[in-house]
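Biologist: Please walk me through this model. Keep it brisk.

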Amino acid sequence: MRYGFVIDQDRCIGCHACTVACKEEHQVPVGVFRTWVKYVEKGEFPHTSRHFGVMRCNHCDDSPCTVICPTSALYRRSDGIVDFDNQRCIGCKACMQACPYDALYIDPNNNTAAKCNFCAHRVEKNLEPACVIVCPTQAIMAGDLDNPGSKVSRIVATEKVSVRKPQKGTQPKLYYVGIEGDVIEPSRLSREDTYFWADKRGGNNAAALTSHTDNLAGALAREVYDIPHPAPWGWKIAAYLWTKSISSGALLVAAILLSFAGQSASTLFNIVCPAIALGALAITSALLVFDLKRPDRFFYLITKPNFRSWLVIGTYFLIGYGALGSVWLLLGILGRPAPAGLQWSAAAFAIASACYSAFLFAQAKGRDLWQSPLFLWHLLVQALVAGSSIILIAGVLMGVASEILRPTSVILLLSLLLSLAMILGEVSLPHVSEDVRMATRTLIRGHLAARFWGLAMSVGLVAPILLVAFTMTATSSAIDIVAAALALAGLWWFEELWVKAGQSVPLS
């Protein structure tokens, strides 16, 4: 048994009865929606047409939201319905990034994720979903797709049907009859700053509006009504990536330098570096917890884990890294150097802690920009940049010998050069999808371009490269500190812009 929907857009009159029935059935708060009707207009006066698209959860057979959910609050039932348990949800919003269809929202009443659940409580009583029974034109149909005798199964088998974003491989079970391609492909639509009978609320992809105006200036398909779609992740996620780079980089670079320097500068490597790593790790953990909509449930990551989610796997990496860093620091306080086995075990966990976010972001299937195969290498190089920068600053302030600082500067210079090359390649090479192209355009030509080229690239990469290269020929402690500080600032600007650009493309 696999329950699914068929929506006949040739019958839909855009009356919003399904939206109202859904809100009443589930007591959905004002401002959020489990199902909604999107309006698109095409043509020019007097030859214009209006088209409707009923949007909701697609109840995918291969649902990315159930994979990324760290506590299995989202799950696929045996009858094919993708349901949710708000008693397990921690409000991490990862599911909102994973869903290519923008079907999830945060319920403002209980701060947990919610969406269409096929009116599972009604289905269990052999009743149809509320939207089906209220539709005045019978445009919405629900049934068992595995039953050849069901109406939805016959329509899917015998008529031309469409699904949203089949390239995502989610195997959606929401089929459309007679829908305009522009309605289910948001990258084709032009957007204005207002609707035809309403003002836009904050979060309606204003970033997409400003960044895609040039792309779609000649488009005849216009979005004239939709619901708010605020970006789920903000500065806390960018800050988490930044502090995690500092934390993981501190011991990774320390382990590399110790393999060359032996036990010289023991205070720097055996006390200061692990202390910095643990301090930055504590801030990283705090950012992750307080970004949750239900921070009181953060321990569910340990007590109710979904080991398919890289949010859970990453949590264990961070715990292991913190334990190894604590042992390293304790040995340093006791005046004993960290043994080589501990150093390289900590370095391995540092790499894992730095890079697991690439796999987490890859599970965010809704955001094409974050699917880049280079993202893992970006994170590794960023850890080297952050670690060498923080060690260089600490070393200069502590008056560490130049034979320690010079290799640190070399690591910083090489990492910055590699980071610059990867970023330029990322934004310059052909893009794998239209969404990636639009997000990249936002970054390099849109409203984020001034900060990207001016701060992240020029101030955060090019300037420290030139400064570090200069100190290779003329030693200057002040310039070392400035270069390292600019490199750290550049990392922050890049993380912030990368997170924003990835969410700038509309999903529905």
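**Sheets, hairpin and helix packing**

Biologist: Which strands does helix α6 lie across?

Modeller: Helix α6 (residues 151-158) lies across β1, β8, β9 and β10 (174-177). α6 runs at about 100 degrees to β8. Helices (H or I, at least four residues) and strands (E, at least two) are DSSP runs, numbered from the N terminus. Axes are lines fitted to C-alpha atoms, for helices over the stretch in contact; angles run from 0 to 180 degrees between N-to-C directions. Contact means heavy atoms within 4.5 Å.

Biologist: And the ground rules?

Modeller: This is a predicted model: local features need pLDDT of at least 70, side-chain atom pairs count only at pLDDT 80 or more, and totals for chains, interfaces and linings use all residues. Residues are numbered from 1 along each chain as its sequence is written, and side-chain values use heavy atoms, with hydrogens and water left out.

Biologist: In what order do the strands of the sheet with β8 and β1 come?

Modeller: The order is β8-β1-β10-β9. The sheet is open, has four strands and is mixed in its pairing. Two strands pair if DSSP finds at least two bridges between them.

Biologist: Which are the edge strands there?

Modeller: β8 (140-144) and β9 (161-162). Each pairs on one side only.

Biologist: How many bridges join β1 to β8?

Modeller: Five, and the two strands run antiparallel. β1 covers residues 3-8. F5, for one, has A142 in β8 as its bridge partner.

Biologist: New topic. What do β2 and β3 form?

Modeller: They form a hairpin, with two residues between the strands. β2 (residues 36-44) and β3 (residues 47-55) are antiparallel and share nine bridges. W36 is bridged to M55 in β3. G43 stands opposite T48 in β3.

Biologist: Where does P46 lie?

Modeller: In the loop between β2 and β3. The F45 to P46 peptide bond is cis, with omega near 5 degrees.

Biologist: What about S72, what is its phi?

Modeller: Positive, about 60 degrees, although S72 is not a glycine. S72 is in the loop between α2 (64-68) and β4 (74-76).

Biologist: On to the helices. How do α13 and α14 cross?

Modeller: Their axes come within 8 Å and cross at roughly 150 degrees. α13 and α14 are therefore roughly antiparallel. The cut-offs: under 35 degrees is roughly parallel, over 145 roughly antiparallel, 65 to 115 roughly perpendicular, and the rest oblique. The α13 and α14 crossing is right-handed. A crossing is left-handed if the near helix is turned anticlockwise from the far one by less than a right angle, and right-handed if clockwise.

Biologist: Which residues meet there?

Modeller: On α13, they include I351, A354 and F359; on α14, F375, L376 and A383 are among them. By class, the contact has eleven nonpolar, one polar and no charged residues. Ala, Val, Leu, Ile, Met, Phe, Trp, Tyr, Cys and Pro count as nonpolar, Asp, Glu, Lys and Arg as charged, and the others, Gly among them, as polar.

Biologist: And α14 with α15, how do those cross?

Modeller: At roughly 150 degrees, with axes within 9 Å. α14 spans residues 375-398 and α15 residues 402-428. They are therefore roughly antiparallel to each other. This crossing is left-handed. The contact has 14 nonpolar, eight polar and one charged residues.

Biologist: At what angle does α15 pack with α17?

Modeller: About 145 degrees, with the axes 9 Å apart. α17 is residues 449-473. The crossing is left-handed. R406, L413 and L420 of α15 are among the residues in contact, as are W453, P464 and V468 of α17. That contact divides into 18 nonpolar, four polar and one charged.

Biologist: Last one. How many aromatic pairs are there?

Modeller: 18 in the whole structure. Rings of Phe, Tyr and Trp (its six-membered ring) pair if their centres lie within 6.5 Å; planes under 30 degrees apart count as stacked, over 60 as edge-to-face and the rest as tilted. F317 and F349 have ring centres 6.4 Å apart and planes at 80 degrees, so the pair is edge-to-face. F317 sits in α12 (residues 310-333) and F349 in α13 (residues 340-362), 32 residues apart, linking distant parts of the chain.
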